[in-house]
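Reader: Could you walk me through this one? I'd like to start with the overall picture and then get into the details.

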Amino acid sequence: MAFTLYSLLQASLLIVNAVAVLHEERFLRHVGWGSDQGIGGFGEEPGIKAQLTNLIRSIRTVMRVPLIGLNSITIVLLLLFG
């Protein structure tokens with residue numbers, strides 16, 4: 001298998017899919033990355049854990065509908081071109 005731009009895009013799509021399906025109560029809270037974890041006070045910089053939790057939450061919120069279309073296109077391309 002050659003390393004092409006399509007395989008790089010497909011790998012990034014798989015990673016975004018993996019982040020999008022992480023369930024907060026079932027998985028993230030058991031690891032210690034729940035929404036109530038790492039709440040800072042006023043004027044404090046959020047830590048890396050809070051920033052990653054916000055990134056996961058925003059990916060789940062924003063990318064839900066576009067992922068359906070991107071996954072459909074990827075499946076059709078794989079069926080047509082192998």
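Author: What follows goes from the overall fold to a helix pair, a single side chain and a database annotation. Please keep in mind that this is a predicted model.

Reader: Okay, what does the secondary structure come to?

Author: The protein has 4 helices and 0 strands, so that, read from the N terminus, the order of elements is α-α-α-α. Of its 82 residues, 18% count as buried, and among the contacts with a separation of 6 or more, 62% are between residues 24 or more positions apart.

Reader: At what angle do H1 and H3 pack?

Author: Helix H1, residues 5-20, packs against helix H3, residues 48-62, at an angle of about 100°, and their axes are 9 Å apart. Because angles of 65 to 115 degrees count as roughly perpendicular, H1 is roughly perpendicular to H3.

Reader: And which residues make the contact?

Author: From H1 there are Val-16, Val-19 and Ala-20, while H3 contributes Ile-56, Ile-59 and Arg-60. Sorted by class, that contact has 5 nonpolar residues, no polar ones and 1 charged one.

Reader: Switching to Thr-53, is that buried or exposed?

Author: Thr-53, which sits in helix H3, is buried, with a relative accessible area of 9%. A polar atom of the Thr-53 side chain lies 2.8 Å from the backbone oxygen of Lys-49.

How values were computed. Residues are numbered from 1 along each chain as its sequence is written. This is a predicted model: local features need pLDDT of at least 70, side-chain atom pairs count only at pLDDT 80 or more; totals for chains, interfaces and linings use all residues. Side-chain values use heavy atoms; hydrogens and water are left out. Axes are lines fitted to C-alpha atoms, for helices over the stretch in contact, and angles run from 0 to 180 degrees between N-to-C directions. Helices (H or I, at least four residues) and strands (E, at least two) are DSSP runs, numbered from the N terminus. Angles under 35 degrees count as roughly parallel, over 145 as roughly antiparallel, 65 to 115 as roughly perpendicular and the rest as oblique. Contact means heavy atoms within 4.5 Å. Ala, Val, Leu, Ile, Met, Phe, Trp, Tyr, Cys and Pro count as nonpolar, Asp, Glu, Lys and Arg as charged, and the others, Gly among them, as polar. Buried means under 20% relative accessible area, exposed over 50%, partly exposed in between (1.4 Å probe, protein chains only). A polar contact is a pair of N or O atoms within 3.5 Å; within protein, one must be able to donate a hydrogen and the other to accept it, and residues adjacent in sequence count only if both atoms are side-chain atoms.
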